[in-house]
Amino acid sequence: MSELAIDTTDLAKTYAGVRAVGGINLTVPRGSIYGFLGRNGAGKTTTIKMLLGLVRPTTGSARVLGMDARSERVAILQRTAFVSEKKTLYSSMTPFELVRFSRGFYPAWSDSAVEKYARLFEIPMKQRFERLSNGNQTKVWLLLALCQGADLLILDEPTTALDPITVDQVMRVLAEDAPERGCTIFFSSHQLEEVERIAEYAGFIDHGKLLMEARLDDIKSEFRLITAAGSSLPAQTSSQVLSVDVEQDFYRYFVTRDAEGFAAALSRNGATVTSIANLGLREIFLQLIRKER
Amino acid sequence: MYFWKCWRETYVSFYVFLFIAITLAAFLMRVFTMSGAPPKETFVVAWMLLVFASSTLLSLAGISFGATGIGEEFAHKTASFLLTKPRSIRYFVWTAWTANALQFLALTGSMVLVGASILSWRCHMPVTGRLLLAFAPGLIMTFLLFGVTYLLGVLHKNGRNGFLSSLGVVIVFPIICLTVEYRWHIHLPSPADMYSMGMSDLILHPELASNLPHFGPLVGWSLVALACPFIAQLVLERTEV
């Protein structure tokens, strides 16, 4: 059995000459929580759709739970739960009827989970879907995904339209309940705080290109922000210096690898290094996107 | 599951059609058997009238039920929900086909049952298998219209547009056939070829009523009716959501 829940090789999708996803190599370990980060239109949804067989890759391949995404679509879907970016469901059905509809497709479906999450998320189970608030519609999607007993949860912007309290509940459920069963969670988001809170792994995508993919702790320890004061300090980017902000005699270097060595070199050039700071995921994300642009 | 969903989407229309079918059958049979004509002629004409009435009603049902297929899932943006269920596209297409086919058979069956009961009672004549076969063209026409509407709904990714296009086909195709026949004396195959006679022929020659429908066109159009959902399946298997 493959150690990877998702494994893509040069996965690419082009629409009428426009590259939506450009040859990405994702590796999502089994049992992990993986945050897939990117701006709107970065290629997150297209990537997810290729994993689920909803969109055919132009080139490259994807393996999901060890199976080929193109030829073993049904077998993958049997073990994969999905929450779509667009939270539309059958408008005239009630959540109760949607449960009734979905239940039969999944052998590992859990009715006790339906009760549990319906209560937890306070979903009005007998109200027509079209009459539910946007937040409740999102909750119904999550409920349907969480009750499937899936080995892999693929969630595309799962917290859209949810209030902070429900976001907190959802994050707790994702962080606690799913890994307990050994379930892998792959979720896309541009809410960096959510990813930082629960994800073990993160991948950054922009303009269809995977900028970085690693364990979240490794990503955080990889980058430093060095603030230095001095005149005529180097202001060029390099493989080590990803970006430089200059304001009068103050320089802010976004540095990867060996920040201490770089700070020492600055000091030797007469700079006063005022701080070497760790960065949050938001800053790292913004700096990486900036560098790409 | 999906069968239940298909039924859920059409059951209101089905009950409306069922009500109309039973009422129409009962009304037509009652009115015709009240005339003073000899029972045999009354029986034959009333029966064929029932056949044409059921053809018309079922064709309407076929076109309207065809608009509720997967095409609508795209229009309502629920396709990504449905098509991430662990089933093949073939399953979705043919389950919908089966669910609708059963409803068409139930509608036909109800009309036959009501009509045959009243006729047997009033005319004291049995309904033979030969007479029952007269319903075959209408039923195949229904499947054909259902299939065409379903396919066009898939191609448009919108059931309503599929319905409108299908109506267009129903109106334009016979006009094309008639025009070609009139101007160039070329007979284009048409679903009307399945019927052994038209309504006007029947009125003039009621003894022809027990003629069997034309076998060749019956088989040919049955294959076309089956090809439509199959093509829809192939299209869907290549469609991106």
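Chain A holds an open sheet of 6 strands in the order 7-8-9-4-10-11, with mixed pairing. Two strands pair if DSSP finds at least two bridges between them. Helices (H or I, at least four residues) and strands (E, at least two) are DSSP runs, numbered from the N terminus. This is a predicted model: local features need pLDDT of at least 70, side-chain atom pairs count only at pLDDT 80 or more, and totals for chains, interfaces and linings use all residues. Residues are numbered from 1 along each chain as its sequence is written, while chains are lettered from A and ligands numbered from 1 in the order in which they are written.

**Sheet of chain A**

- Strand 7 (80-83) and strand 11 (209-215) of chain A stand at the edges, each with a single partner strand, so one side of each has no neighbour in the sheet.
- From one strand to the next, the twist averages 15°.
- Strand 7 of chain A runs parallel to strand 8 (residues 152-156) of chain A, joined by 4 bridges.
- A81(A) sits opposite L153(A) of strand 8 of chain A.

**Helices on the sheet**

- Helix 6 (residues 164-180) of chain A packs on the sheet and touches strand 4 (33-38), strand 8 and strand 9 (184-189) of chain A.
- The direction of helix 6 makes about 135° with that of strand 4 of chain A.
- Angles run from 0 to 180 degrees between N-to-C directions; axes are lines fitted to C-alpha atoms, for helices over the stretch in contact.
- Helix 10 (residues 281-292) of chain A lies across strand 4, strand 10 (201-206) and strand 11 of chain A, at about 30° to strand 10.

**Domains of chain A**

- Chain A splits into domain 1 (4-207) and domain 2 (219-292), with bounds from an automatic or database domain assignment.
- Their centres, taken over C-alpha atoms, are 36 Å apart.
- In contact are 8 residues of domain 1 of chain A and 8 residues of domain 2 of chain A; contact means C-beta atoms, placed from the backbone, within 7 Å.
- Helix 7 (192-198) and strand 10 of chain A each supply at least two residues of the domain 1 side that touches domain 2.

**Helix pair in chain B**

- Helix 7 (residues 136-156) and helix 8 (residues 159-184) of chain B pack at about 130°, with axes 7 Å apart.
- That angle makes helix 7 of chain B oblique to helix 8 of chain B; under 35 degrees is roughly parallel, over 145 roughly antiparallel, 65 to 115 roughly perpendicular and the rest oblique.
- Contact residues include L145(B) and H156(B) of helix 7 of chain B, and F163(B) and V169(B) of helix 8 of chain B.

Notes. Two residues are in contact if their C-beta atoms, placed from the backbone, lie within 7 Å.
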